[in-house]
Amino acid sequence: MTDTPAPRHIPDRLDKPLSSAIFSWEALLVVIASAIFIVNSFASPYFLDPWSLSDLTFNFTEKGLIALAMALLIISGEIDLSVAAIVALASTMMGMAVQAGAGTPLLALIGIVVGLGCGAFNGLLVTRLGLPSIVVTIGTMSLFRGIAFIILGDQAYKGYPESFAFFGQGYVWWVFSFELALFLGAALIYWFVLHRTSFGRRVFAIGNNPVACQFSGVRVDRIKFILFCLTGLMSGIASVLITSRLGSTRPSIAQGYELEAITMVVLGGVSILGGAGSILGVVLAAFIMGLVTFGLGLLNVPGIVMSIFIGLLLIIVIALPIVWRRLREGRFA
Amino acid sequence: MKTFLKYREIWLLAGIVLLIGLISTRFPGFAEPANLRQVFNDTSILMILALGQMVVILTRSIDLSMASNLCFTGMVVAMLNAAHPAIPIPLLIVIALAVGLVLGAINGFLVWRLNIPSIVVTLGTLTIYRGATFVVSGGAWVNADQMSPGFINFQRAAFLGLPVLSWIAIIVIALFFLAMTRTAIGRSIHAIGVNPTASVYAGIDVGRTKFMVFCISGMIGGLAGYLWISRYVIASVEVANGYELNIIAACVIGGISIAGGIGSVGGAVLGALFLGIISNALPVINISPFWQMAISGSAIILAVVLNARGERRQGRIILRKAEAA
């Protein structure tokens with residue numbers, strides 16, 4: 001027997017209750033998603049229809065797009081509560097452009113640029129002035145939606161051009177909507193960036209120890225700024241989709257989306273404390289939330305009761321591995 | 001004088017006086033005592049809620065479920081009142097406190113025993129409690145004509161020149177002031193926020209204290225539930241939807257650091273008053289109420305910017321210099 005010592009194993013992240021669960025988080029989510037899928041297909045005869053399943057995806061694609069960028073932001077230890085307000089402001093600006101006679105390409109561009117601008121504003125406040133993001137974005141959340149209210153009051157913008165409807169209502173092939181294609185494409189890009197590039201490694205590193213990163217030559221503030229811009233950008237894109245799907249803009253558009261997007265991210269296994277998570281988990285969580293709301297919708301469960309299931313799902317899925325681990329260690333208290 | 005000016009509450013108070021002065025130039029009647037009493041009364045519920053949120057934020061936690069708790073408890077007492085008008089109001093208030101306490105204890109238990117971050121727990125219970133309101137009410141509203149006159153008029157009764165609602169706010173403020181400055185639990189709450197590790201070595205049970213602050217915020221949410229419903233005389237699932245962020249905004253404007261450990265009862269009260277004055281002033285100075293959201297948003301951002309200057313701690317200076325270099 002050779003006496004070489006085992007190579008020293010340096011874990012790339014601290015032993016957290018979440019990641020030390022006996023199954024990987026993603027496996028758990030797959031099991032939950034399959035279970036909900038099977039229950040749904042038994043519960044409603046209308047569920048297993050390609051068009052039903054296609055409609056299902058509209059429940060989460062817009063929030064999911066925001067959640068992808070939010071996941072990176074939360075992994076880096078920051079948060080953005082203003083995403084839904086950015087959607088509202090971008091949609092209002094698009095509505096104003098419609099009144100001025102803008103065409104479809106310009107409308108989409110305006111939505112995206114306004115989103116990007118709002119994200120950059122958040123990013124500047126957080127990185128330049130060193131403010132806590134949760135408070136800054138509570139403020140900008142009121143500010144952005146407040147501007148939408150000032151412009152629109154109790155009015156609504158309508159009259160979007162017919163070609164604009166493609167973003168939120170169009171299909172690229174058979175039952176595959178443009179929204180779903182965009183979501184899956186974006187998920188692939190975010191997966192690559194977070195898990196296969198040095199930028200992604202830096203995002204994880206910042207979430208685990210921003211001070212050590214600073215001393216290791218990582219430009220912490222610049223990366224955080226980019227992440228805020230990305231979150232704003234995705235909110236702008238989501239705004240184009242929602243506005244196109246609804247065909248109108250009210251200042252209360254996308255109300256409450258920020259909490260649903262964050263729920264998706266947390267359900268997807270991203271640590272709210274930063275430093276851990278995966279894009280696959282977020283995508284699975286998006287599908288789970290879509291499955292739950294759509295399945296319950298087919299059973300005529302009101303939306304507000306569905307929210308109980310989403311809330312319970314969030315807490316139970318997070319608590320389960322912790323309780324399980326304690327039971328194994330025989331010290332449940 | 002110099003130490004006096006260090007207190008951020010003084011600056012906030014000066015800001016509020018300035019704000020009232022500015023409003024008075026457009027609408028002279030605003031600064032009259034009768035109107036200010038009205039503003040105080042209008043802001044009472046927000047002040048109470050901000051105090052409940054304050055103790056949670058001080059321990060580096062957050063309670064996003066307060067508005068949903070308010071909605072649920074309000075619905076429960078309104079339905080009780082509609083079904084059994086004979087139940088005396090003080091008993092209903094005790095019931096409201098108890099229901100709120102249970103909801104808060106659920107949050108606290110999950111944070112304490114399962115170590116789930118409070119933002120995740122209360123994000124979940126935010127939707128659960130509001131959904132539960134729908135379940136207990138079946139989606140129906142409780143309207144003014146279903147509530148007993150005593151239920152509606154209790155908080156409006158005048159006592160020593162002020163409505164009972166204002167007195168309740170004053171009592172709650174006094175209790176929080178005593179608890180935060182004169183009791184061990186108040187010191188523990190501050191200590192946990194400043195340094196949780198040192199608190200453990202100092203013999204403070206961090207988990208249990210966190211559990212207690214969630215119980216407090218839950219009870220406050222329950223109390224506010226009764227007050228809200230009897231003030232606006234309608235109980236529905238939509239009551240106080242999104243209000244949790246107003247509560248946090250009041251705390252932030254009041255100089256309570258979201259990072260924990262910094263904040264005072266006076267700050268929370270003044271922060272709530274600041275928002276209350278703005279919402280009361282806009283209609284009388286002929287600014288569309290649609291401006292309110294953007295104004296309070298700007299106030300929050302301004303408040304954080306100003307507070308961040310005062311929060312730089314001595315011990316961090318070396319690191320900051322290194323960071324800047």
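Is the crossing of H4(B) and H5(B) right-handed or left-handed? The crossing is right-handed, the near helix being turned clockwise from the far one by less than a right angle. The model is predicted: local features need pLDDT of at least 70, side-chain atom pairs count only at pLDDT 80 or more, and totals for chains, interfaces and linings use all residues. Residues are numbered from 1 along each chain as its sequence is written, while chains are lettered from A and ligands numbered from 1 in the order in which they are written.

Helix H4 (residues 66–83) and helix H5 (residues 89–113) of chain B pack at about 145 degrees, with axes 10 Å apart. Axes are lines fitted to C-alpha atoms over the stretch in contact, and angles run from 0 to 180 degrees between N-to-C directions. Among the residues that meet are Phe72(B) and Val76(B) in H4(B), and Leu92(B) and Val99(B) in H5(B). Contact requires C-beta atoms, placed from the backbone, within 7 Å. This contact holds nine nonpolar, five polar and no charged residues. Nonpolar covers Ala, Val, Leu, Ile, Met, Phe, Trp, Tyr, Cys and Pro; charged covers Asp, Glu, Lys and Arg; the others, Gly among them, are polar.

Chain A has 14 helices and two strands. These are DSSP runs, numbered from the N terminus (helices H or I, at least four residues; strands E, at least two).

Between the chains, 43 residues of chain A contact 43 residues of chain B. H6(A) gives the largest share of the chain A side, 14 residues. By class, that side has 32 nonpolar, ten polar and one charged residues.

Notes. Two residues are in contact if their C-beta atoms, placed from the backbone, lie within 7 Å.
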